[in-house]
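Take a walk through part of this model. Start at a strand, then move on to a helix.

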Amino acid sequence: MSRVSSAAVAAALVPDPRSPEPLYRQIYEKLRRQILSGAFSAGQQIPSSRALAADLCVSRNTVMNAVAQLAAEGYLEGEPATGTFVAAVVPAEAGGVDARAPAAAPCVPRSPRWSRFGARLASPGLRPEAWQRRPAPFRPGVPAFDQFPFDTWTRLLNQCWRRRAIELHNYGDPAGYLPLRRAIVDYMTIARGIRGTPEQVIIVAGAQQGLELTARLLLDGSDSVWMEEPGYVGMSSALQVQGATVVPVPVDDAGLDVQRGIDRAPTAKMAYVTPSHQFPCGVTMSLGRRLELLNWAEKADAWILEDDYDAEFRLVGRPIPALQGLDANDRVVYLGTFTKVLFPALRLAYLVVPPDLVDRFAAAKAAVDRQSPTPDQAVLARFIEQGHLARHIRRMRALYLERADALVRHADRHLKGVVQVSRPEAGMHTIGWLPDGEDDLDVSRRAAEAGVVAWALSKCYRHGVDAPRPGLVLGFAAYTEAEISEAVRTLAGVVGRPRRAFARSRL
Ligand SMILES: Cc1ncc(COP(=O)(O)O)c(C=O)c1O
């Protein structure tokens with residue numbers, strides 16, 4: 001078999017030194033491609049690693065690593081003494097296709113036969129994009145990433161790994177790592193007025209998994225569910241996947257209007273609410289409404305799913321205890337998340353469920369993904385136990401209050417008469433109300449073109465009852481005052497001059 005000069009082979013394998021991919025990996029991939037394409041034929045000898053390394057100006061180890069990997073995968077064979085050759089039979093490419101076979105007929109797009117549930121669960125439009133860079137103002141739902149106590153977290157992580165405890169590596173309780181469940185109860189009893197034992201806590205992979213599991217376990221396709229209108233789209237999609245009927249119930253200054261819920265669907269099986277800080281409008285549910293809701297749930301034999309997604313950040317006045325703490329009849333499934341308080345990629349949240357629901361929830365968690373990762377849970381447990389969570393929340397509360405003030409101040413200066421920005425009492429976002437009749441989708445699209453994220457409030461309506469009031473959902477937690485000021489001015493350029501008077505404030 002012919003022997004090709006090292007320089008000729010090397011010419012096809014030159015790695016890119018600026019690529020983040022290791023050099024050996026680039027050489028491996030290029031050589032593999034050459035073999036698969038037939039450029040290097042079966043039995044052909046590959047130049048020595050020494051010669052290739054010299055021609056490629058890389059270390060000999062780099063070439064040897066690439067060659068060893070290809071030999072392990074069956075692309076190359078031979079002995080150091082006799083030389084290295086392209087294997088007689090090269091492994092097929094992924095998918096079982098022989099890449100050296102003549103090109104197949106052009107690929108005809110398939111329309112896979114999804115299950116009905118699968119089609120509801122994962123329509124192509126529902127795939128969220130990855131947020132590669134720092135989010136742009138005013139994308140809501142993201143905390144101040146740069147303020148996270150990375151050093152403390154790293155120290156705790158190192159401590160956990162140094163322990164080499166078997167429980168951190170082994171299969172664990174699907175309901176979650178017990179020290180974390182204890183820490184959550186100890187902290188949340190005081191901070192959120194939650195009642196329950198560590199056994200009632202189920203650790204889930206972010207609030208979204210909590211919503212999903214609860215909907216799957218407690219609802220059938222024929223069931224109706226009250227949803228705040230406007231409300232959290234993540235929940236309405238979880239309900240739609242489940243096949244449940246979403247009954248939009250308007251929200252006013254006191255939160256979900258329970259009487260209108262009763263009028264619309266008295267026998268609903270569940271009410272989904274965000275009482276501490278209604279998403280997205282930001283109102284706090286009054287005590288009267290909380291009691292009314294609990295009363296209805298007891299009479300109607302219904303569940304209440306309380307989503308307390310960002311309640312830690314009470315910016316004005318004292319924290320409002322969770323609705324769950326008022327529940328004397330085990331009607332409330334409580335959901336808290338660390339993805340807003342700490343960071344979204346952590347994917348750790350928790351449910352506090354009535355005692356008789358614990359076993360099924362734990363079994364369901366196991367059925368879905370066995371358990372959440374124990375090492376992360378162990379670090380979080382220590383983070384809470386040692387007071388870092390409380391400290392971080394205090395710092396972020398002060399910072400978010402400053403940023404909320406900055407947003408209101410800059411909006412007063414530049415958006416007067418066109419966007420009325422509510423002063424937030426809690427959380428990480430607020431609403432910029434547009435004059436009645438304004439098309440918030442259009443404003444949101446034009447803002448995006450100018451580089452400002454301003455979600456249209458009308459997207460949070462299911463359009464079932466009252467007409468949506470136009471507005472923009474404006475996150476402020478993750479942005480510096482300078483960024484907020486610039487984005488407000490850009491938004492002012494987008495919305496233009498005052499055209500109409502604002503209608504009297506109503507939700
Ligand atoms: C009201 C509400 N609930 C739940 C979530 C989901 O949080 P997680 O990232 O923990 O799934 C969000 C996210 O923005 C939210 O706004």
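Which residues point one way from strand 8 (residues 270–273), and which the other way? M270 and Y272 point one way, A271 and V273 the other way, and all are buried. Buried means under 20% relative accessible area, with a 1.4 Å probe and protein chains only. This is a predicted model: local features need pLDDT of at least 70, side-chain atom pairs count only at pLDDT 80 or more, and totals for chains, interfaces and linings use all residues. Residues are numbered from 1 along each chain as its sequence is written, and side-chain values use heavy atoms, leaving out hydrogens and water.

Helices (H or I, at least four residues) and strands (E, at least two) are DSSP runs, numbered from the N terminus. Strand 8 pairs in the parallel sense with strand 5 (residues 224–229) over three bridges. Two strands pair if DSSP finds at least two bridges between them. Here M227 stands opposite Y272. Strand 8 also runs parallel to strand 9 (residues 303–307), joined by four bridges. In strand 9, L305 stands opposite Y272. Between strands 8 and 9 the chain passes through helix 11 (residues 287–300), and this β-α-β crossover is right-handed. That is, with the strands pointing away from the viewer, the path from the first strand over the helix to the second runs clockwise.

Now turn to helix 15 (residues 440–449). Its buried residues are D440, V443, S444 and A447. Seen down the axis of helix 15, they fall within an arc of 100 degrees, so they line one face. The arc is that of the directions from the helix axis to the C-beta atoms. These buried residues pack against strand 14 (455–456), strand 15 (471–475) and helix 16 (481–495), where contact means heavy atoms within 4.5 Å. After helix 15 comes G451, with a positive phi near 90 degrees.

Technical notes. Buried < 20%, exposed > 50% of the residue type's maximum accessible area, 1.4 Å probe, protein only.
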